[in-house]
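This report covers one predicted model. The sequence and structure come first, then the details.

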Amino acid sequence: MNSWSFSTQVYSGFDSLERLRSLQNEVILIVCDPFLKGSDSLNYVISLMSSSNEVHTYTEVIPDPPI
């Protein structure tokens, strides 16, 4: 049996997106539904991150899955 764990910090509330500006030289995965693909909202979030980061987006999430 294999197991793994990691500690996750969650930022929310006023100015929480500003935290993205402090990320440097990271590999970042953004997961969202297809509705946000290419949207101004998603582009804004990506624009907050430094170009030193490697940013990937996964947009094949099924909204409101039946299971």
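## Salt bridge

Glutamate 18 and arginine 21 form a salt bridge, with their closest N and O atoms 2.6 Å apart. The term requires a side-chain nitrogen of Lys or Arg within 4 Å of a carboxyl oxygen of Asp or Glu. The structure holds one such bridge. Side chains of opposite charge can pair when their charged atoms come close.

Glutamate 18 is partly exposed, at 36% relative accessible area. Arginine 21 is partly exposed too, at 43%. Buried means under 20% relative accessible area, exposed over 50%, and partly exposed in between (1.4 Å probe, protein chains only).

## Basis of the model

This is a predicted model: local features need pLDDT of at least 70, side-chain atom pairs count only at pLDDT 80 or more, and totals for chains, interfaces and linings use all residues. Residues are numbered from 1 along each chain as its sequence is written, and side-chain values use heavy atoms, leaving out hydrogens and water.

## Fold and dimensions

The chain has one helix and two strands. Along the sequence they follow the pattern β-α-β. Helices (H or I, at least four residues) and strands (E, at least two) are DSSP runs, numbered from the N terminus.

The C-alpha trace spans about 35 × 35 × 25 Å along its principal axes. Of the 67 residues, 15% count as buried.

## Core and cysteine 32

Which residues make up the largest nonpolar core? The seven are Leu20, Ile28, Ile30, Cys32, Leu42, Leu48 and Met49. A nonpolar core is a set of buried Ala, Val, Leu, Ile, Met, Phe, Trp, Tyr and Cys residues joined through side-chain atoms within 4.5 Å.

Beyond four places away in sequence, cysteine 32 touches Leu42, Tyr58, Thr59, Glu60 and Val61. Contact means heavy atoms within 4.5 Å. Among contacts between residues at least 6 apart in sequence, 78% join residues at least 24 apart.

## Surface patch and tyrosine 58

Tyrosine 58 lies in strand β2, residues 54–58. Its relative accessible area is 39%, so tyrosine 58 counts as partly exposed. With Leu29 and Val31, Tyr58 makes a nonpolar surface patch of about 310 Å². Patch residues have over 30% relative accessible area and no salt bridge; nonpolar side chains (Val, Leu, Ile, Met, Phe, Trp, Tyr) are joined within 5 Å, like charges within 9 Å.

## After β2

Aspartate 64 sits in the segment after β2. Aspartate 64 is exposed, at 76% relative accessible area. The C-alpha atoms of aspartate 64 and glutamine 24 are separated by 33 Å.

Methods: Areas by Shrake-Rupley, 256 points an atom, 1.4 Å probe, with all protein chains shown as cover.
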